[in-house]
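I opened this notebook to record what I looked up in one structure, entry by entry. The sequence and the model come first, and my entries follow.

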Amino acid sequence: MAWALSNVIVKIAKVPALELAFWRLWMGSAVMLAICALARRRLSWSAIRSSAPAGVLFGFTIVLFFAALKQTNVADVLVIGALQPGLVVLVAGRMFGERVAREELLFFAGSIVGIVVFVLGSSETPSWSLEGDLLAVGALVVFTGYFLLSKRVRERIQAVEYMTTVTVVGALVVTPVVFVSGTELGGLRVQDWLWLVLFLAAAQGSHLLVAWAHRQVDATVSSLILLGETPITAASAYVFLGEPVTWLMVVGGAIALGSLSMIVWRATRAGAGQHAPEAGVTGSY
């Protein structure tokens with residue numbers, strides 16, 4: 001819910017994507033370091049070394065995602081991003097020992113058809129951009145890598161330590177990109193800072209909750225739950241931004257989300273039949 005509503009803030013805030021990513025990551029780093037200090041958590045070298053690769057992916061995911069939201073329809077970005085659960089299921093077979101059946105591949109193909117139909121319908125609207133859609137595809141690929149890597153690393157590292165390292169590394173990676181691109185920092189209006197603080201609370205809190213949940217919930221289950229972000233964001237963009245919705249977008253979105261839901265539902269059902277949940281596994285903030 002928090003992710004879905006915060007996505008619209010990126011579009012509302014009159015701040016360039018790179019500058020927004022810069023402040024979001026450094027403010028998020030400050031918050032996470034403060035949480036570590038208050039909770040008396042120490043960042044070990046082992047935790048930093050294991051979490052750093054995910055931090056690199058995290059930083060570039062935010063840059064690509066923000067840039068996509070600025071360039072094209074918010075609904076486009078989220079529907080393209082909704083392919084992530086399908087990618088998770090396809091890759092999770094090798095990473096987590098989950099079997100991928102022929103039916104999953106057929107449903108994944110159906111979801112791609114739905115995305116194509118959705119984009120065709122969206123291209124009729126004035127706020128559509130091919131460049132923005134391509135940026136959304138890039139964000140999808142990078143975030144899928146981050147999501148799967150997070151699932152693996154979180155098996156041995158607590159959520160607070162993990163997200164602190166990920167956020168700080170992401171900020172360190174994005175900072176040179178900001179300066180090399182010539183992006184000017186500063187000049188934000190009071191309302192932009194307020195939007196940024198609100199976005200940070202929702203987004204950083206959501207990332208922390210998902211990182212914590214990785215030790216409690218199968219990757220396929222959490223992916224299915226996160227599909228709910230797409231329709232909520234699309235509805236929010238319609239209400240708060242006035243982004244139009246065509247009948248092709250509705251049909252394509254329904255096909256894509258329906259196909260992806262079937263993929264994750266089948267994978268979850270198969271996984272539940274193959275093994276019982278782990279006993280005694282708890283996470284801590």
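**Entry 1: Salt bridges**

I looked up Glu161 and noted that it is buried, with a relative accessible area of 12%. Here buried means under 20% relative accessible area, exposed over 50%, and partly exposed in between, with a 1.4 Å probe and protein chains only. I note that this is a predicted model, in which local features need pLDDT of at least 70 and side-chain atom pairs count only at pLDDT 80 or more, while totals for chains, interfaces and linings use all residues. Residues are numbered from 1 along each chain as its sequence is written, and side-chain values use heavy atoms, with hydrogens and water left out.

I then asked which residue forms a salt bridge with Glu161. The partner is Arg41, and the closest N and O atoms are 3.0 Å apart. I use salt bridge for a side-chain nitrogen of Lys or Arg within 4 Å of a carboxyl oxygen of Asp or Glu. Arg41 is in the loop between helix 2 and helix 3, and Glu161 is in helix 8 (residues 159–180), so the pair ties together parts that are 120 residues apart in sequence. Helices (H or I, at least four residues) and strands (E, at least two) are DSSP runs, numbered from the N terminus. Arg41 itself is partly exposed, at a relative accessible area of 23%.

I counted 3 salt bridges in the structure. One of them joins the side chains of Glu243 and Lys11 at 3.8 Å, N to O. Glu243 belongs to the loop between helix 11 and helix 12 and Lys11 to helix 1, so this pair ties together parts that are 232 residues apart in sequence. Glu243 is buried, with a relative accessible area of 8%.

A further salt bridge links Asp192 and Arg189, with the closest N and O atoms 3.0 Å apart. Asp192 is buried at 3% relative accessibility, whereas Arg189 is partly exposed at 37%.

**Entry 2: The chain as a whole**

I recorded 12 helices and 0 strands for the chain. Of its 285 residues, 48% are buried.

**Entry 3: Arg40**

I checked the backbone at Arg40 and found a phi near 55 degrees, a positive value in a residue other than glycine. Most residues other than glycine have a negative phi. Arg40 lies in the loop between helix 2 (17–38) and helix 3. At 79% relative accessibility, Arg40 is exposed.

**Entry 4: Ser111**

Is Ser111 buried or exposed? I found it buried, at 0% relative accessibility. Ser111 sits in helix 6 (residues 102–122). From Ser111 to Ala82 the C-alpha to C-alpha distance is 9.1 Å, and the two are 29 residues apart in sequence.

**Entry 5: Cavities**

Rolling a probe the size of a water molecule over the atoms shows where empty space is left. On a 1 Å grid over the protein atoms alone, a cavity is a set of points where a 1.4 Å probe fits but cannot get out; a pocket is an open set with protein on both sides within 12 Å along at least five of seven lines; and lining residues have an atom within 4 Å of a point.

The whole structure has 3 cavities of 30 Å³ or more. The largest cavity holds about 460 Å³ of space. It is lined by 25 residues, of which Trp3, Phe65, Leu78, Phe143 and Glu229 are the closest to its centre. Among the elements that each supply at least two lining residues are helix 3 (45–71), helix 7 (130–153) and helix 9 (190–213). I sorted this lining by class into 16 nonpolar, 7 polar and 2 charged residues.

**Entry 6: The second largest pocket**

I noted a volume of about 330 Å³ for the second largest pocket. Its lining has 16 residues, and the closest to the centre are Met1, Trp3, Val210, Ile225 and Leu226. Helix 1, helix 9, helix 10 and helix 11 give two or more residues each to this lining. The largest share, 4 residues, comes from helix 9.

**Entry 7: A nonpolar patch**

Which residues make the nonpolar surface patch of about 550 Å²? I listed Tyr238, Val239, Phe240, Val245 and Val250. Patches are made of residues with over 30% relative accessible area and no salt bridge, with like charges joined within 9 Å and nonpolar side chains (Val, Leu, Ile, Met, Phe, Trp, Tyr) within 5 Å. Helix 11 (residues 229–241) gives the most to this patch, with 3 residues. Val250 belongs to helix 12 (residues 247–274).

Technical notes: Areas by Shrake-Rupley, 256 points an atom, 1.4 Å probe, with all protein chains shown as cover. Points joined across faces, edges and corners; volume = space filled by probe spheres on them. Nonpolar A, V, L, I, M, F, W, Y, C, P; charged D, E, K, R; others polar.
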